[in-house]
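Please read these points with the sequence and the structure open beside you. They are meant as a colleague's notes, to be followed one at a time.

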Amino acid sequence: MLPAEKNTCVIHTDKCKDHITPLCLSSEPETSEADDHEDDDNEETEVRPESLSPEELEKLKEAMDERKKLIQSLRGKPWPMKQKLDTLRESQEFVEKHEGALGKGRGRKLYAYKVMMTKKWMKFQRDFENFKTACIPWEMKIKEIESHFGSSVASYFIFLRWMYGINMILFGLTFGLVMVPEALMGKSYGSIPRKTVPRAEEASAMDFAVLWDFGGYAQYSVLFYGYYNNQRAIGWLKFRMPLSYFLVGVGTVAYSYMVVIRTMARNANESGIGDDNSFNFSWKMFTSWDYLIGNPETADNKFASITTSFKEAILEEQESLKDDNIHLTRFLRVLANFLVLCCLAGSGYLIYFVVRRSQKFTLDGLENHTWWERNEVNMVMSLLGMFCPMLFDVISTLENYHPRVALQWQLGRIFALFLGNLYTFIIALMDEINIKREEENIVKFNITMWEASLYNGTLMENSTAPPFTIHPADVPRGPCWETMVGQEFVRLIISDTMMTYITLLIGDFLRAVLVRFLNNCWCWDLEAGFPSYSEFDVSGNVLGLIFNQGMIWMGAFYAPCLPALNVLRLHVSMYLQCWAVMCCNVPQERVFKASGSNNFYMAMLLVILFLSTLPAIYTIVTIPPSFDCGPFSGKKRMFDVIHETLESDFPVWFSKVFSYASNPGLVLPFILLMALAIYYLQSTAKSYKEANVELKKKVQMVTCNEI
């Protein structure tokens, strides 16, 4: 046997076989095959880096790098599984055995340090990815729902979580830049009339019925527009409250536009990658199971998810091969659309009727009417939003659409219903704003006469008397139409939320309890027949979220508390609806796969965002603010705060540049240029998409010819 000091370890790499073999060379001649085998075993167990020359050490480093690359790329090798496992085991043993040799001696500590830090960095990245996944809110709940009810139901909860994140940002902006500065640095309650409950309302300002309608002390608080002072700078920080209020209102809308459009673009990019229709069943059969699952509950959820995905794929295939009577189908679809239009027209007329009726009740005095008459508008809109989608669902059975197409039609009809109801409400609200402005003119005249008579009487009695002071609660004030608009939207949000939760408890929970416990003693099978367990209404819940968010965007300028209320509503809805869908609902009879992206939801959200900002922009630009409430009181228009800031706080040249940039002669060509650029990019994207489709067809044809 040769001594170990005379042996050197040289690494040879077989490039053709992707297999690396360490060979130990001896300076002495070979004696026998048995001795060589014994020498190799001893050298594999002990490697001495002191005996390695620089060239041999460099070869060892190259072999280590190639082994590591082989371990990383081993999964993609077209080898049998046994060969992969053997190669992986040999490579890992080689790396572990020779890594220590590279970490000793002069000039090798740095390499060992790099290897150690690389391992630690890879482990940190892996742990950080696991941490990010664990930090995603409600991820496991949504995965569990998706495994039992399919991707269509899970898409609603993903959309709800996304809306929750958006509203958290909106809440942070309004709370941190509007409500908190006014509460901490503004004038305190009772210091001025707009921050004080009138003397006639003090007796009932703390009654539950008054606070439930957001009157009394709730009305004269930071929750609504009228509480904020028009003082240009407040506190020791000289915080510009009117400017901050205006910029936050504009910034929340701009941020919402940016996030929605960015999400739509990202979803479009993700949906355009890959082909989801080639060899669909083969992919599901051989690649669906996750072999890293070690939890029995997770395995059950994965099994349910695979079963649901097969149902979705089978339904997709059946719908693609369906052949129906086209003439009968067209007639039924026309009839269904006619019935839907009748429902939409009737709901719009009903809302306009009750709004006009409520205006008469307001003129007569709400205290003289019942609770239903005071809240008739909100209740009618909530009831229409609850029962009309059910009627649309019954009508949609005539059309015989694919489930995904039927869902989109259902969403479009409910969208038209909610939009018509909302704009009917806005039009009636504009009439009420005009009535308030007429009252405001009368109040301004009366206040002028009252102040003149008050001061004239004081001077006639004693010209040397101290100034006459009046408590803020006794000062007459205007109607403040901005606070009235904010109160209407807050009441509408509260009534819609309560109606949603009551419907959930009665329509789902009590129904499930009756079916579960009365099924054994009833005349027929309650589970298979009427009433049975309810299915989760994806379309109604999605449209409820979208229009609830539209009302937030529309009314947040006049009620800064709306984003906070919506955050609370979405938080409670996530837990309550997750519990209800798992305990009270059953999977749909026709389980279908949701679209590859949520762009249909996002498109409706973008439309309602645009339509929700129109009334707010109209009131900001055209209607003068109230003269004695809000941060813009005393100005002709609300946006005059921008001109005031430019004139007072910026150089003259900057205000001139801003005025030139806002000139319609420059703005209109810029908008036209943007429209042309968007059209060009859309046409280019369409041509690229068609080219990709043609290339896919050619690749499939070449593959079929080779087979």
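1. A residue is called buried when its relative accessible area is under 20%, exposed when that area is over 50%, and partly exposed in between. By this cut-off Glu182 counts as buried, because its relative accessibility is 1%, and Lys195 likewise counts as buried, at 0%. Please keep in mind throughout that the model is predicted.

2. For the overall picture, the protein has 707 residues, of which 38% count as buried, and its secondary structure consists of 21 helices and 4 strands. The accessible surface comes to about 41700 Å², with 64% of it belonging to carbon and sulfur atoms. Among contacts with a separation of 6 or more, 76% are accounted for by residues 24 or more positions apart.

3. The structure holds 14 salt bridges, and one of them is formed by the side chains of Glu182 and Lys195, at 2.4 Å from N to O. Glu182 belongs to helix H6 (residues 151-185), whereas Lys195 lies in the loop between H6 and helix H7 (208-212), so that the partners are 13 residues apart.

4. A second salt bridge brings together the side chains of Glu644 and Arg232, at 3.5 Å from N to O. Because Glu644 lies in helix H19 and Arg232 in the loop between H7 and helix H8 (241-271), this pair ties together parts that are 412 residues apart in sequence. Glu644 is partly exposed, at 27% relative accessibility, and Arg232 is also partly exposed, with a relative accessible area of 30%.

5. Arg491 and Glu488 form a salt bridge too, their closest N and O atoms being 3.4 Å apart. These two residues are 3 residues apart in helix H15, and therefore they are separated by about one helical turn. Arg491 counts as partly exposed at 21% relative accessibility, while Glu488 is buried, with a relative accessible area of 15%. Elsewhere, salt bridges that share partners join Arg232, Arg240, Lys635, Glu644 and Asp649 into one network.

6. Where does Arg477 lie, and what does its side chain reach? Arg477 is found in the loop between helix H14 (403-461) and helix H15 (481-518), and its side chain reaches the backbone oxygen of Pro193 at 2.7 Å and that of Pro472 at 2.9 Å. Arg477 is buried yet has no salt bridge, since the nearest side chain of opposite charge, Asp628, is 5.9 Å away, and a salt bridge requires a nitrogen and a carboxyl oxygen within 4 Å.

7. Ala473 is found in the loop between H14 and H15 and is buried, with a relative accessible area of 4%. Although Ala473 and Pro193 are 280 residues apart in sequence, their C-alpha atoms are 6.1 Å apart in space. Leaving aside neighbours within four places in sequence, the residues in contact with Ala473 include Thr196, Val197 and Pro198.

8. A search of the whole structure finds 1 disulfide, which joins Cys480 to Cys629 with an S to S distance of 2.1 Å. Because Cys480 lies in the loop between H14 and H15 and Cys629 in the loop between helix H18 (599-622) and helix H19 (640-649), the pair ties together parts that are 149 residues apart in sequence. The torsion about the S-S bond is about 100°, so the disulfide is right-handed. Cys480 is buried at 8%, and Cys629 is buried at 4%. By contrast, the sulfur of Cys584 is 5.7 Å from the closest cysteine sulfur, that of Cys583, which is too far for a bond.

Notes. Residues are numbered from 1 along each chain as its sequence is written. This is a predicted model: local features need pLDDT of at least 70, side-chain atom pairs count only at pLDDT 80 or more; totals for chains, interfaces and linings use all residues. Side-chain values use heavy atoms; hydrogens and water are left out. Buried means under 20% relative accessible area, exposed over 50%, partly exposed in between (1.4 Å probe, protein chains only). Lys and Arg count as positive and Asp and Glu as negative; His and the chain ends are not counted. A polar contact is a pair of N or O atoms within 3.5 Å; within protein, one must be able to donate a hydrogen and the other to accept it, and residues adjacent in sequence count only if both atoms are side-chain atoms. Contact means heavy atoms within 4.5 Å. Accessible areas come from the Shrake-Rupley method with a 1.4 Å probe; for residues, only the protein chains shown count as cover. A disulfide is a pair of cysteine sulfur atoms within 2.5 Å.
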